[in-house]
Structure formats: C-alpha cells, structure tokens
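User: I am new to this structure. Please take me through it in short steps.

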Amino acid sequence: METATPNYFLIIGGVLFVMLNVAAALIWVERRLLALFQDRYGPNRAGPFGLLIVAADSIKLFFKQDWIPPFADKPVFVLAPAIVVVTVLMSFVVIPFAPGIIVADLNIGLLFFLAMSSMGAYSIILGGWASNNKYSLLGAMRGAAQMISYEVFMGLSLMGVVLLSGSFSLVEIVEAQRGLWFFIPQIVGFVIFFIAGIAETHRLPFDIPEAESELIAGFHSEYSGMKFGMFFIGEYMGITLISCMIVTLYFGGWLGPDFLPPIVWFILKTLFFLMIFILLRASMPRPRYDQLMEYGWKVLLPLTLLNLMVTAAVVLWVSE
Amino acid sequence: MELTFYIAAAVAILSTIMVITRYNIIHALLYLVVSFLAVAVVFFTLGAPFMAALEIIIYAGAIVVLIIFVIMMLNLTQEDVQREKEWLKPSVWVGPAILSAVLLAELVYIVAAGTPPQTEAVVAVDARLVGLSLFGPYILGVQLCGILLTAGIVGAYHLGRQKKKVIHRFLQERSAAA
C-alpha cells in the first residue's frame, strides 16, 4: 500500500469502472433472468439479446426531469441518494479480487465493510424522511428497523470466520481458506450472512422498505431522474458487494484450481451468487413486516449466537 | 498523519458546534454523524483502527440511527424549529460558553507551555490487544456491562410484551369462537 505506484491508481480506477458497469449490466441480466425464470422473453428488441436496454435505461434516467418536491427538505433530499452509492463504493476498497488486486488491505477490513454497510442505512432513512411523504416515511421507518436488526446478525455471523482465520483482514481470511473453504465449517454462518445480506440490500423477498404493492415505492417514492437512478445503482452495487463478500468470506475468494487465473475464479463465483439473488427475487414472496422482525430476532439471533459459541469452543478445543 | 489528525479534529469540533446550533433536529443529528466519523478518523490516526471501526459501527451506524428513528415518528414541523430557536437564547448559552472558554484557554496554555506529547511511541492497538485487555485487567467491567445489558433486555421485554394479536379477520373469528 505504501508504494503508491501508477499501478495503484490503475486498480482504483479499474475497480470503480468495473463496479459501475457491473451495476448497469445487472439491469439487463436481471430482466433477462427474471424473464427466463418466469417463462417470458424479457427485453429482446434493442440490440443483440436486448443488450441495448441498458443504454436506453441510462439515457432515460439522465434526461428525466430531476424534480425536488417543494415540501421536501432540500439539502437532505439531495444528500440521501449520494450516501448509498458512496458507502457501497467505499466498501469495495477492502475486497481482494485477486492477489495484488485490492485497493487497500486494511487490517480491519471486515469491520470496515460492516461500518460502511451500517452507514448505508442513512440513505434510506434520510431519503424517506426528507421526502416528507407518508409512504416514504413508512418505508424509511421499516428500512431503519430492518437494517439495524439485520446488521446485528450480519456482524455476529461473520465472527465465526474471524475466529477460524484469526484476522479481520480479508486477504488473510482468503489465505486461511487454502485447505478448506469456510462455508463447510461455517455453513450456519454462511446462511445467516446470506439472509442478512439480502435484508441489508433490501432486495426481494426482504424489500419491505420499498414494497411497491403497499407503499408505492417506499422511501424513494418522491425521487425521479438520476437521484432515483442512484438508489437503483446503489441497490445493484449492494448485491454485487454482498456477493463479493460471500465469495471472499465463505467460498475461498480467488482460490480455485490452477487452470483459470484467480481473478476469473473470483468473477465466476460472484456471478453465481448474483444469479442466486435474482432467482430469489423471482421465486420468493415478501413476508409481512412483523414476520420479518420476529424471524430475525427470534430465529436468526439465537442461531447466530449458538454458531459463534460452538465455533469458539471448537477453535479452543482444537488449539489445545 | 499529523495533518490528518488536525483536520479530523477540526472537523469534529466544528460539526459538534453545528450539532448544538442547528434548530432542525435531523440536521443536527446529521452533523452528529459527521462528528462521530471525524472522531473515528482521529482514533485511526492515533493508532487505534479497531476503535475507529467500532466508533462508526456502534455510534454512527446504530445509535444515531435509533435516535433518528424516534425523531421521525414525532413528525416535527416548522413550529418546532421555531420553538427550538426561542429556546436557544444568549442567556442560555453564555454561561456554559464562558466556562468552556476558560477550559479552552487552559488547554491552549498547557499545549503551548508543556512538553509536546510523545508521538513516536504510538503503538497500533489492534483487535487482539483490545480483547486481551478487556478479558484481562478489565474483566470486571465487562461482566458488569453484561449484567446491565441483561437487565436492559429483560426490562425491554417486559415493556414490550403483549398478547399475540390475530391480524387476519377470518382467524380472529375462529379464535373468538373457540
């Protein structure tokens, strides 16, 4: 990290470029895959396989009127969509895509990711509050409660991995998985992290803060144009981030048989989890709000604590 | 590193002043978040990255969100902003401000006259060291915190306990009949 070579800036630029493009490409991937799962065609008119829908969508978002409601709290209203994009992009700083391809190998990498994801909650809360609209406020309150609750399990479920690898640094966590990927000893932690990750990115089936059938669009009802686009892009980058984290923490990151370069392994694994996210959206109904909270606090929290205690006991037992 | 410390410290102080002087509570809380973030950077520059991360996760990420959560339910209007404005009269803040100014003057004097603190001896305090000291010399404090938290959880459960409501109307009729 100390050698700030041009290579270093190349990595930063590369990560930024790739992530923003992945988010855009996911628009197309999601629509095509949803259509596939639901036995429809999906977008197939503009360009080969409908690929140009990404361009059409972006141009539409850029040229739409960017309207700020007169009853909104203007500075906060403008700030909110920026927060989600900034926090998600900041989280990519600590993700090791391949040996050497990482922006900063912090020794608190995992905590940095948790910190950034907890700051992401502000975009929902502030966006919903600043809109000064009943539905937005309801969405924001649901979002705040959901994200705060699921952050708890998210953090605790990761601690099993930290116990096994003995480090918060993501590079060291990946290196510690040379023998055995962590999803085998940490299967409970993995499942809980995955569920919490869906709730953190407020994707279906846990998209309760926006729940279009009951809250119009929840916290971003009043947003239009590129400000809405920021929430949209932020969500896609969020699921990319969670997929990257799952791969890094539980599926050996860049590790894999030698016939493919490490970065390709990382991308393949991440793509697999992105598809799972989309498949979940296509197949799961949305739970009721109180069901979500009950499920979190009464099922996931005890399970997480149990997992943590058992892991700690096993680690102690093995080391003695 | 020294420059980042001074910048972060200045941001922390400025944003904390903004917290006190804003009439709109949400804006004040936003400045509070900025203040916490600045304090986290201060921790980081002083060689405590673990504390910095916890500062963001716990204070900026959880506690302030909960405060905002409560304030959102209050439905504040322009009248409340006006009332806040009336409350913040000079007669209220002049006294504390003078006392703080005295403290500030003392601090400036100490910093200017006293020996500069040894910045070379900074040791990075990582998670392992924090854990060792928490479960070593400070084990009593950890256990007391545990008891306090347990009491808090039991109390919250008691306050929040209610009979399970049947929300669906068909089920309600059936349970009334049974």
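User: What share of the residues of chain B counts as buried?

Analyst: This is a predicted model. Chain B has 178 residues. A residue is buried if 20 or more other C-beta atoms lie within 10 Å of its own. In chain B, the share that counts as buried is 16%.

User: Among contacts in chain B between residues at least 6 apart in sequence, what percentage joins residues at least 24 apart?

Analyst: Two residues are in contact if their C-beta atoms lie within 7 Å. Take the contacts in chain B between residues at least 6 apart in sequence. Those that join residues at least 24 apart come to 57%.

User: Which helix gives the largest share of the side of chain B that touches chain A?

Analyst: In all, 16 residues of chain B are in contact with 18 residues of chain A. On the chain B side, 13 residues come from one helix, spanning residues 49-73. That helix of chain B is H3.

User: How do the residues on that side of chain B divide into nonpolar, polar and charged?

Analyst: This is the side of chain B that touches chain A. Its residues divide into 14 nonpolar, 1 polar and 1 charged.

User: How far apart are the end C-alpha atoms of residues 295-318 of chain A?

Analyst: An unreviewed UniProt entry lists this span among the "transmembrane region" stretches of chain A. In the model, residues 295-318 of chain A are 100% helix and 0% strand. Their end C-alpha atoms lie apart by 33 Å.

Conventions. Residues numbered from 1 in each chain as written. Chains lettered and ligands numbered in written order. Predicted model: local features only at pLDDT ≥ 70, side-chain atom pairs only at ≥ 80, totals over all residues. UniProt positions renumbered as here; feature names shortened; annotations may be inferred. Helix = DSSP H or I, 4+ residues; strand = E, 2+ residues; numbered from the N terminus. Nonpolar A, V, L, I, M, F, W, Y, C, P; charged D, E, K, R; others polar. Buried ≥ 20, exposed ≤ 12 C-beta atoms within 10 Å, placed from the backbone.
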